[in-house]
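Student: I should be grateful for a close look at one part of this model.

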Amino acid sequence: MSNIGIVLGRFHRKEVEEMLDEARTVAASRGLGIVAEVWVPGSMEKPLAIKRLLMRDDVAGAVALGIIERGETEHGNVMGHAVISSLIDLQLQFMKPVGVGILGPGINPSQIPPRIRPYAAAAVNACADLIEQG
C-alpha cells in the first residue's frame with residue numbers, strides 16, 4: 001500500500017471537511033493510506049506543507065484541497081496562479097505526484113457546493129494514477 005498526505009485550507013472549513021470526507025473514501029477505494037492530514041490557514045500555505053510531506057520517505061504523493069473564492073480584487077487569481085505553479089514545481093522537484101483539488105481561483109459561492117466532492121475525488125485519483133505509474 002502506498003501512502004499519501006493531504007493538505008487542507010481551513011478558510012472554508014465546512015466545505016473542505018466535506019472534501020476531506022470524499023478524499024478519504026476515494027483513497028481507501030484506491031488502496032492508499034493517508035498518513036497525514038495537515039490543516040493550514042489558506043492556499044498560500046499549502047506549498048510549504050506539501051513540501052514537508054513530500055520530503056517524507058513514507059509519503060508517495062500528496063493532495064491539496066481548498067477553495068480560492070472570487071473576491072473584489074485580483075488577489076485570488078494571483079494567489080491561485082502562484083500556488084498552482086509552486087505545486088507543479090514541487091512535483092517535479094520530488095518526482096512525487098500532487099493532486100490539486102483547489103476550487104477556483106475565481107469561483108463564485110453558488111458554484112462551490114456541486115464541485116466539492118468531484119474536485120476532491122479527482123485530486124486523489126490523479127495522485128493515485130501517478131503513483132501506480134511509478
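Student: Is Lys-96 buried or exposed, and which side chain of opposite charge is nearest?

Tutor: This is a predicted model, in which local features need pLDDT of at least 70 and side-chain atom pairs count only at pLDDT 80 or more, while totals for chains, interfaces and linings use all residues. Residues are numbered from 1 along each chain as its sequence is written, and side-chain values use heavy atoms, without hydrogens and water.

Lys-96 is buried (under 20% relative accessible area with a 1.4 Å probe, protein chains only; exposed means over 50%, partly exposed in between). The nearest side chain of opposite charge is that of Asp-57, 5.6 Å away, and Lys-96 has no salt bridge (a side-chain nitrogen of Lys or Arg within 4 Å of a carboxyl oxygen of Asp or Glu). Lys and Arg count as positive, Asp and Glu as negative; His and the chain ends are not counted.

The side chain of Lys-96 does, however, reach the backbone oxygen of Leu-54 at 2.8 Å. Beyond the neighbours within four places in sequence, Lys-96 is in contact (heavy atoms within 4.5 Å) with Leu-54, Arg-56, Val-59, Ala-60, Gly-61 and Gln-91.

As for its place in the chain, Lys-96 occupies the loop between helix H3 (75-94) and strand S4 (98-107). Helices (H or I, at least four residues) and strands (E, at least two) are DSSP runs, numbered from the N terminus. Strand S4 is also among the elements covering the buried residues of helix H1 (13-29), and among those covering the buried residues of helix H4 (116-133).

Notes. Polar contact = N/O pair within 3.5 Å; in protein donor to acceptor, adjacent residues only side chain to side chain. Expected span 1.5 Å × (residues − 1).
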